[in-house]
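Please read the points alongside the coordinates.

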Amino acid sequence: VMFAPGVAEEYRALLTPRHLLWLVGVHAPLEVIEAREKARGDRALGLARAQVPLVHAGMRYDAEIDTSRAEPEACARAVVAALGL
C-alpha cells in the first residue's frame, strides 16, 4: 500500500500503543523483479523498472525482507520474529 506523504507516520503515531508491524518492506534486486515480471506473463514489461525507484522512497519500515534470498516460509518467519512472537 502506498500512502501520501506523512499519512503513514500519522497512522504509526495513532497505533503506537499496539504491538504491530505497520510496514514491512519487501525487496528483491531489479533483475529478480524483472525476471518474475516476465515469467508471470500477465504484467506490462517494464512496469517493475519504472516502479522500483518509487515504491520504497521515503518509507520507514518496521521490518524488511529480501525475497530473492529466502523462501516464502523463511520470509514469513522473519516477519513473525520482528513481531517478537
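1. Burial in the protein chain is limited to 14% of its 85 residues, where buried means under 20% relative accessible area with a 1.4 Å probe, protein chains only. This is a predicted model, in which local features need pLDDT of at least 70 and side-chain atom pairs count only at pLDDT 80 or more, while totals for chains, interfaces and linings use all residues. Residues are numbered from 1 along each chain as its sequence is written, and side-chain values use heavy atoms, with hydrogens and water left out.

2. The protein chain contains four helices and two strands, arranged along the sequence as α-β-α-α-β-α. Helices (H or I, at least four residues) and strands (E, at least two) are DSSP runs numbered from the N terminus. The C-alpha trace spans about 40 × 30 × 20 Å along its principal axes.

3. Of the contacts (heavy atoms within 4.5 Å) in the protein chain with a separation of 6 or more, 60% join residues 24 or more positions apart.

4. Glu37 is buried but has no salt bridge, and the nearest side chain of opposite charge, Arg43, is 7.1 Å away. A salt bridge here requires a side-chain nitrogen of Lys or Arg within 4 Å of a carboxyl oxygen of Asp or Glu.

5. What lies 2.7 Å from a polar atom of the Glu37 side chain? The backbone nitrogen of Ala48 does. Beyond its neighbours within four places in sequence, Glu37 is in contact with Arg43, Ala44, Leu45, Gly46, Leu47 and Ala48.

Terms used:
Buried < 20%, exposed > 50% of the residue type's maximum accessible area, 1.4 Å probe, protein only. Lys, Arg positive; Asp, Glu negative; His and termini not counted. Polar contact = N/O pair within 3.5 Å; in protein donor to acceptor, adjacent residues only side chain to side chain.
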